[in-house]
Amino acid sequence: MKEKIHPKVYKAQISCACGNQVEALSTRGEKVHVEICSACHPFFTGKQRFVDTAGRIDRFRKKYAKFDK
């Protein structure tokens with residue numbers, strides 16, 4: 001292996017905004033903060049939240065209701 005081309009690897013404490021903490025190897029530093037993780041991401045949890053601001057979903061459904069048939 002070539003010398004001086006590999007990044008330094010840290011044993012990092014990764015903390016999520018939901019409060020979940022994981023210990024893993026990282027090149028970003030010893031403490032890493034993320035906004036979303038596998039404990040709170042909808043893909044992994046199976047729960048999906050719709051943030052309906054100003055009735056956008058209803059307007060979309062009304063607009064494209066004629067194509068539903």
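Visitor: Hi! Which strands form a hairpin here, and what sits in the turn?
Guide: Strand 1 and strand 2 form the hairpin, with four residues between them, and Gly 19 in the turn has a positive phi of about 105°. Strands (E, at least two residues) and helices (H or I, at least four) are DSSP runs, numbered from the N terminus. This is a predicted model, where local features need pLDDT of at least 70 and side-chain atom pairs count only at pLDDT 80 or more, while totals for chains, interfaces and linings use all residues. Residues are numbered from 1 along each chain as its sequence is written, and side-chain values use heavy atoms, leaving out hydrogens and water.

Visitor: How many bridges join strand 1 to strand 2?
Guide: Six bridges join them, and the two strands run antiparallel. Ala 12, for instance, stands opposite Ala 24 in strand 2. Two strands count as paired if DSSP finds at least two bridges between them.

Visitor: And in which sense do strand 1 and strand 3 pair?
Guide: Strand 1 and strand 3 pair in the parallel sense, over four bridges. There, Gln 13 stands opposite Lys 31 in strand 3.

Visitor: What order do the three strands take in the sheet?
Guide: The order is 2-1-3 in an open sheet with mixed pairing. Strand 2 and strand 3 (31–34) are the edge strands, each pairing on one side only.

Visitor: New topic: how many salt bridges are there?
Guide: The count is one, taking a salt bridge as a side-chain nitrogen of Lys or Arg within 4 Å of a carboxyl oxygen of Asp or Glu. Glu 23 and Lys 11 form that salt bridge, at 3.4 Å from N to O.

Visitor: Are Glu 23 and Lys 11 buried or exposed?
Guide: Both Glu 23 and Lys 11 are exposed. Exposed means over 50% relative accessible area, buried under 20%, and partly exposed in between (1.4 Å probe, protein chains only).

Visitor: What about Lys 4, where is that?
Guide: Lys 4 lies in the segment before strand 1. Its phi is near 65°, a positive value in a residue other than glycine. Most residues other than glycine have a negative phi. Lys 4 is exposed, with a relative accessible area of 83%.

Visitor: Last one: where is Tyr 64 found?
Guide: Tyr 64 is in the segment after helix 2 (56–63). Tyr 64 is partly exposed, with a relative accessible area of 37%.
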